[in-house]
Amino acid sequence: MDDQGLLLAYERMMVVRRMEERISALYAADAIPGFVHTSIGQEACAVGALLHARPTDVITSTHRGHGHVLAKGLEPRRVLAELMGKETGACRGRGGSMHVADPSLGIFGANGIVGAGLPIGVGAAHALRVRGQGDLVVSFFGDGAVATGAFHESVNLAALWRLPMVFFCENNGYSEFSRADDQHPVPVRDRAAAYGIEAVRLDGSDVEAVAAGMREVFETVRAGRGPVLVEATTVRVHGHYEGDPQRYRDAAAMAAEVAAADPLTLARARLVARAVPAQEIEATEARALAVVDDAEAFARTSAEPSAETALDHAYAPRRVLPEPGPLPEDRPVMSQSRVVRQALDDALEASSEVFLAGIDVAGGNVFGVTRGLAQAHPGRVLDTPISETAIMGLGVGSAMAGMRPVVELMYVDFLGVCLDQLMNQAAKLRLMTGGAVSVPMVVRTQFGSGRSSGSQHSQSLEALLAHIPGLTVVMPSSGTEAYGLLRSAIDDDNPVVFLEHRLIYERKSPLPPPDYRIPLGRARIARPGRDVTVVAWSRMVAHAVEAAELLASEGIDVEVVDLRSIVPLDRDTILDSFARTNRMVIAQEAVVDFGVGAEIAALAVDAGFWSLDAPVVRVGAAYAPAPYAPALEREWGAGVDDIVVAVRRVTAC
């Protein structure tokens, strides 16, 4: 690095340092709400790592990410305004210190969850490789993240697919309040050998060393030789969070450590030693301070977001679609599994942005739904390791980068091992970026009780998913419905969880044409009636229709409402039906307690109060894990007979 290059790096580090010092002071003065984690002492890592980055490269960051986003080119004004919760902030005041992002600059977000940016980086790297322009991803993380499953799953998948990705570990020696030496039995750099990738160790206090090392790393990664793990040793000055008294560190030892590893002191001394004129050095320092002063003035005078916009940006706008008409009688009839496969085939054919990924999807996996698609669409139906967190992150990151991934979670019961990527990433990124990003991904999964699959493979978890704002939850009741809803889900700009019931995979229904779409969030009347409304979804729709036919012989005319979408919930169709019948039964496969049925019942006794002529009754599984023995499972679950009993009860009132 020549003198001017070092002077430029020094100025960029000085901007980061002065910004962090100002942020610390503003936070102490209550001008910044929430939580703040500063990167004082780590400036050489951010600036050096990104000195040779392209504008089109992507970064993911951590809760200590101010330096990274500044080094990637985000304006200090917009950073400070974001931290102060202003409308002019990078995320319009919706993200704050731990979630600063600007996808237009390749900044896919700081992240409040340790290690969570790594799977997103994997997804972005896949999208960049598909684009073929030689761009790469730098995913920053701290030494504490190497103990997370997200780290291991991400490095494994990136290594397996040889993705253009740099895993950049800022090892400041502490994981929150614990020394790294007490947390990890193996040095960070040694982890690379387990995945067969290159490891590079850099002096994170020396911006020249970091920049020179990263230039070589970038050349390696851009050449297609796979990911690289970089460990930069650095120092944490202000503790885990602003206000952390750091009683777990010896004060004298910490002072000596900080003094010896201050990247600004080292860079300035090197400039002086190279006889760079003092006035040039001082001019860079003055400019950095002026930038920060300007950023504070801008942020202080910026307006706060309007209270009326508090709910904005939770969802991307949806396309307005008409309800499809009846299918022609000459349409072929086939099983739901084949209809779903055809929907995926048609979606892959229609758009190069669509790809499928998941465990054994190329071979069709357990249920065979995707069988044959890999041969029909080479390179776009991708088998992954058993790494549900990495699979979900692959979807999130590639969607942020402009693709339309359809990722498969083999069983919805496995949701717990990857929930963060759905709950804290996919569902929240649009709002946390102030609407700057969309996450058009579909998570296909299946569920269903009734085949002695046991407690860990028989759950119906739509209520859990529906309670996460930002997600869309869809549950088709037939193959025809599945086709139209799945094509709409793939077209949609929001993250959609698409739950297919495995016990209706072989039920037959007409195959719609490729242009067939069903609007998300709109229920249908599966069977008209006048005496009682039964609201159901997925397989319970067929049970409700069968119950209605049995009850017709008793003179009870049942109307069946098929929700189709749990979120958005079509409250209008439910209430309209209820207004006609004045009685309601809700049939769900999930356990009754705390479920979607409770939400619908609350709707009936609130907005539908004046339609209420009888108790609202819920039908569903007992509040216990699903038992294995067939006799026990039948007793635990709910079906046609339970719906019949419930309808008789409400019509007797």
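This is a predicted model: local features need pLDDT of at least 70, side-chain atom pairs count only at pLDDT 80 or more; totals for chains, interfaces and linings use all residues.

Me: How many aromatic pairs does a search of the whole structure find?
Reply: The count comes to 7 aromatic pairs.

Me: Why is the pair of Phe-367 and Tyr-411 called edge-to-face?
Reply: The ring centres of Phe-367 and Tyr-411 are 5.8 Å apart, and pairing needs them within 6.5 Å. Their planes sit at 65°, and over 60 counts as edge-to-face, so that's the label the pair gets.

Me: What makes this a link between distant parts of the chain?
Reply: Phe-367 lies in the loop between β9 and α13, while Tyr-411 is in the loop between β11 and α15, 44 residues apart. Both also belong to one aromatic cluster with Phe-414 and Tyr-505.

Me: Why does Tyr-411 count as buried?
Reply: Its relative accessibility is 13%, and buried means under 20%, so Tyr-411 is buried. Phe-367, at 25%, counts as partly exposed.

Me: What about Phe-609 and Trp-610: how do you know what kind of pair they form?
Reply: It's 5.0 Å centre to centre with 80° between the planes. Over 60 is edge-to-face, so this pair is edge-to-face.

Me: And why is Trp-610 called exposed?
Reply: Trp-610 has a relative accessible area of 79%, and the cut-off is over 50%, so exposed it is. Phe-609, with 42%, is partly exposed.

Me: What makes Arg-222 count as sitting over the ring of Phe-218?
Reply: The charged end of Arg-222 is 5.2 Å from the ring centre of Phe-218; the distance limit is within 6 Å.

Note on methods: Residues are numbered from 1 along each chain as its sequence is written. Side-chain values use heavy atoms; hydrogens and water are left out. Rings of Phe, Tyr and Trp (its six-membered ring) pair if their centres lie within 6.5 Å; planes under 30 degrees apart count as stacked, over 60 as edge-to-face and the rest as tilted. Helices (H or I, at least four residues) and strands (E, at least two) are DSSP runs, numbered from the N terminus. Buried means under 20% relative accessible area, exposed over 50%, partly exposed in between (1.4 Å probe, protein chains only). A charge sits over a ring if NZ of Lys or CZ of Arg is within 6 Å of the ring centre and within 35 degrees of the ring normal.
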